[in-house]
Amino acid sequence: MSNEPVETRKAEDEARVAATASAFRARSRRVQLLRRLLPMMILVLAGGTISWIVLRTVMSDVERKAGTSREVRLDNPMFHGQDAQGRSFVIGAQGAVRDPNTGRFRLVGPALRLNLGGRKVTTLTADGGEYNEAAKTVTIGPNVRISDGGSGFTLVTPEAVVNTATGVVTGSKGVQGNGPLGTINASSYAIYDQGERVVFSGSGDNKVRGTINPSRSN
């Protein structure tokens, strides 16, 4: 009887064992490699995240300090000036912030007094505004209230633009007036000569409308 089949099976078993051992060693090497790489990757990612957070915090702080240092903030500022006729005006506000890029002042709670020291004083107040010193204008709004101390007339309008060179006050966003002689509604208005003369205008179908109280004219 020949021993050839037994030898063949033995050789095949040895080959399978050798292949299995080789695959096991290869997988073991991969596992060992991953065990070394994964902690390093975790450290790299964690370090990168922490570095980014620290960098962004530092950059934000620098940007905030740079922005803050360039702004000029004033509490209860008071700007004094004169128009082309030498008449004085005062621009006051609860606060003002100077934009470093434009040089304009953003006003909080502005209050303007025209014809200071004269017999009549026209006062303008609003929730906010902007003083453009270069353009010689003060734009205030919303909730503008214009009070004429001489006639007792009060105008309410969304916006008013004061030309500090001429003293003329204009507005084109509608206006309602109320005083001893009656009421008036118009699309736009212009106040000349420090309140001595007021011109109302209509636009399109929005005519100038008013009511006169004759009993109060005496």
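Predicted model: local features only at pLDDT ≥ 70, side-chain atom pairs only at ≥ 80, totals over all residues.
Thr 154 sits in strand S11, which covers residues 154–157. Setting aside residues up to four places away in sequence, Thr 154 touches Arg 145, Ile 146 and Ser 147, and also Gln 176, Gly 177 and Asn 178.

Let us step back to the whole chain. Its secondary structure comes to 1 helix and 18 strands. Of the 218 residues in the chain, 27% are buried. The chain exposes about 14500 Å², and carbon and sulfur atoms supply 56% of that area. If you take the contacts between residues at least 6 apart in sequence, 37% of them join residues at least 24 apart.

Where do the nonpolar residues gather? In soluble globular proteins, nonpolar side chains tend to be buried together. Here the largest nonpolar core has 24 residues, and the members that touch the most others are Ile 91, Leu 107, Leu 124, Val 138, Ile 140 and Val 169. The elements giving two or more residues to this core are strands S3 (88–92), S5 (105–108), S6 (111–114), S9 (137–140), S10 (144–148), S12 (160–163) and S16 (188–192).

Leaving out residues up to four places away in sequence, Ile 140 touches Pro 110 and Leu 112, then Leu 124, Thr 125, Ala 126, Gly 128 and Gly 129, and finally Pro 158, Glu 159 and Ala 160.

Now follow the chain past Ile 140 to the loop between S9 and S10. Pro 142 is placed in this loop, and a cis peptide bond, with omega of about 0°, joins Gly 141 and Pro 142. Asn 143 is found in the loop between S9 and S10 as well. Although Asn 143 is not a glycine, it has a positive phi of about 55°. Asn 143 counts as exposed at 51% relative accessibility, because the cut-off for exposed is over 50%.

A positive phi also turns up at Asn 76, where the angle is near 50° in a residue other than glycine. Asn 76 lies in the loop between strand S1 (72–75) and strand S2 (78–82). With a relative accessible area of 59%, Asn 76 is exposed.

Next, turn to strand S8, residues 128–132, where you will find Glu 130. Glu 130 is partly exposed, with a relative accessible area of 33%. What does the side chain of Glu 130 make a polar contact with? Its partner is the side chain of Arg 104, at 3.4 Å. Beyond residues up to four places away in sequence, Glu 130 touches Arg 104, Phe 105 and Leu 107, along with Thr 137, Val 138 and Thr 139. Two of the names in that list, Leu 107 and Val 138, have already come up among the core members that touch the most others. From Glu 130 to Pro 110 is 20 residues in sequence, and the C-alpha to C-alpha separation is 8.8 Å.

Asn 132 also has its place in S8. Is Asn 132 buried or exposed? Its relative accessible area is 11%, so Asn 132 is buried. A polar atom of the Asn 132 side chain lies 3.1 Å from the backbone nitrogen of Ala 135. Apart from its neighbours within four places in sequence, Asn 132 is in contact with Arg 104 and Thr 137. Both Arg 104 and Thr 137 are in the contact list of Glu 130 too.

Our last stop is the largest pocket, which has a volume of about 360 Å³. It is lined by 20 residues, and those nearest its centre are Asp 148, Ser 151, Phe 153, Val 198 and Phe 200. The elements that give two or more residues to this lining are S10, strand S15 (182–186), strand S17 (197–201) and strand S18 (209–212).

Ser 203 counts as partly exposed at 47% relative accessibility. Ser 203 and Ser 172 are 31 residues apart in sequence, and their C-alpha atoms are 9.6 Å apart in space.

Terms used: Residues numbered from 1 in each chain as written. Heavy atoms only, no water. Core = buried A, V, L, I, M, F, W, Y, C linked by side-chain atoms within 4.5 Å. Buried < 20%, exposed > 50% of the residue type's maximum accessible area, 1.4 Å probe, protein only. Helix = DSSP H or I, 4+ residues; strand = E, 2+ residues; numbered from the N terminus. Contact = heavy atoms within 4.5 Å. Areas by Shrake-Rupley, 256 points an atom, 1.4 Å probe, with all protein chains shown as cover. Polar contact = N/O pair within 3.5 Å; in protein donor to acceptor, adjacent residues only side chain to side chain. 1 Å grid on protein atoms, 1.4 Å probe; cavity = no way out; pocket = protein on both sides within 12 Å on 5 of 7 lines; lining within 4 Å. Points joined across faces, edges and corners; volume = space filled by probe spheres on them.
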